[in-house]
Amino acid sequence: MESIKKLNISKSLLLDCKQTVKDFPLAYETYGKLNENKDNAILVFHALTGDQFVTGLNPITKKEGWWGTAVGPGKAIDTDKYFVICANVIGGCMGSWGPKEVDKKTNEPYGLNFPVITIRDIVRAQETLLDYLGVEKLLCATGGSMGGMQTLQFCATFPNRTYSAMPIACSTSHSAQNIALNELARQAVMADPVWDKGKYIKKNVQPKNGLAVARMVGHISYLSEKGMQEKFGRKLQERGDYDFSFNADFQVESYLRHQGFAFVERFDANSILYITRAMDYFDLSRQYKGGLTEAFKNQQTKFLVISFSSDWLYTTKENKDTVIALNAAGTDVSFAEIKTDKGHDSFLVDEPEFLKTIKGFIDSMHIKFKNEKRI
Amino acid sequence: MKKEFKVIAELLPNNIRVLDVGCGDGSLMDLLIKEKNIEARGLEIKEEHVKKCIYKGLSVIEGNAETELNQFPDQSFDYVILSQTLQAFYSPEKVLKDLLRVGKCAIVSIPNFGYWKVRTSLLLFGKMPVTKTLPYSWHNTPNLHMCTIKDMYNFCAAKDIKIDKILGLNGDRTSQIKKNNLEIKNLFSKIGIFVLS
């Protein structure tokens, strides 16, 4: 595991569950170089099943980074020009403090003894990384889905730490539908006998069947009805007729099974429980007594909220509600809806209109930020 | 740069907050930021225009002015601008009221249906007018509620909307419109610019 960079967070952190932690690892990766004026740093927050390896070859999974379509040399977020930072969320399983890490008190993996964390805990754990990397103020904070929630939380918690922010396909609180889908994923994991109340981790096994089902649920929710119909329709998987069995006759079944079982190779089942919980608990208006307006007041940050027309997980309406809250707080906010059939997944795939938009925003923000720093 | 935008810029004080409703590609916002140090925001329905604004670093929200002005708090802008779009809404009255709720003042410009060329087109040729300011044919026009400067003047009076100033535009010429020259200016202005509060 030498290819994982880790920062030991020695500063104590009071979690939302009232537990205090310190001396825990935060795994991270950076791309590009921080320039002399320190005006080119972009903090990327990853989504539920992502990790710190944004682009290029992921040294652990040996697969392309999760946002290679958008980030990299010559890409929309150009690493020849910008310094891109991404940390693995706490609760995750790519080197940061999470349920599969060893609890120093018991010398055993945490499993369900890991504290229930929140999006705010996740974001606060990452602040020290910016200090460590010498970034006083970011050019931009961004992420899609849960990464977008972290972006909003980051701006609310650290109002002057970024010049601009781009929350993509997210909301200020998790909807009933999203909580329900997360619960479905958790129940799938917990229904697998191998899970054994999270203790599988000590036996060095993984509740693969449950975790794969959890991932399948996710994959359905990331596509749109139209996108799925166009991609798979009723096409059969490498056969001319029905098998009259419960094998994966249909391409869509085969796709889900493949996605599900590929996932268990790289992800920890307990991490799915903890991270989905953090998403469900996310409610910015609940955090601030005065509601969302209070959460975003005194913001100097320039926002661009982006939604996708066929995203039914974090709908355009929910993203617009974020815009309304930002407007009510008097912040500088832009909003664009990308018209696409690719559903919630749109931010991860090659969607030219989306990529052009984020490039246009970040490049123009960089010019403004540079000028402001000069004055 | 459109003459109309220059006239609007001249009407505005420096260092204020402005919302440009139907901001297009952001040309007016750009002008206001550069020349008047104005804090400008835009609302625009067309996706490609929204993107152009974003590339320029302008703040713009993709949305429909008819239904989405409610997202802006009361009196959150010093001026709200609506350039030549009032006639395209289903309910111009509702939009006008919203503009004056969101802004302390509003600048509303209209293509003048009372302009002599428009009148003669119908009178002499018996055809719906197609001019530079009104380039559409009857079947593809987005303009649902065409009006004249005089109509707008009477409408404001009837709805208790205070008119601070009216300017008439014809090519490069600008002139002030008052009650006593309304009839003649309504005949010779291509565009009417109303400052309302």
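First, the ground rules. This is a predicted model: local features need pLDDT of at least 70, side-chain atom pairs count only at pLDDT 80 or more, and totals for chains, interfaces and linings use all residues. Residues are numbered from 1 along each chain as its sequence is written, with chains lettered from A and ligands numbered from 1 in the order in which they are written.

Start with the contact. Chain A puts in 21 residues and chain B puts in 15. Contact here means C-beta atoms, placed from the backbone, within 7 Å. On the chain B side, α3 (47-55) and β3 (59-62) each supply at least two residues. Helices (H or I, at least four residues) and strands (E, at least two) are DSSP runs, numbered from the N terminus. α3(B) gives the most to that side, with five residues. By type, the chain B side has seven nonpolar, four polar and four charged residues. Nonpolar is Ala, Val, Leu, Ile, Met, Phe, Trp, Tyr, Cys and Pro; charged is Asp, Glu, Lys and Arg; the others, Gly among them, are polar.

Now α3(B) itself. Which of its residues are buried? They are B:V50, B:K51, B:C53 and B:I54. Buried means 20 or more other C-beta atoms within 10 Å of the residue's own, again placed from the backbone. These four cover an arc of only 160° around the axis, so they sit on the same side of α3(B). The arc is taken over directions from the helix axis to the C-beta atoms. The buried residues pack against β13 (302-308), β14 (332-338) and α11 (352-374) of chain A, together with β2 (39-44) and β3 of chain B. Just after α3(B), B:G57 takes a positive phi of about 80°.

Next, α11(A) against α3(B). Their axes come within 7 Å and cross at roughly 30°. Axes are lines fitted to C-alpha atoms, for helices over the stretch in contact; angles run from 0 to 180 degrees between N-to-C directions. That makes α11(A) roughly parallel to α3(B), a label for angles under 35 degrees, with over 145 roughly antiparallel. A:K356, A:T357, A:G360, A:F361 and A:S364 meet B:K51, B:I54 and B:Y55.

Last, a pair inside chain A.

Definitions and conventions. Two residues are in contact if their C-beta atoms, placed from the backbone, lie within 7 Å. A residue is buried if 20 or more other C-beta atoms lie within 10 Å of its own, exposed if 12 or fewer, and partly exposed in between; C-beta atoms are placed from the backbone. Angles under 35 degrees count as roughly parallel, over 145 as roughly antiparallel, 65 to 115 as roughly perpendicular and the rest as oblique.
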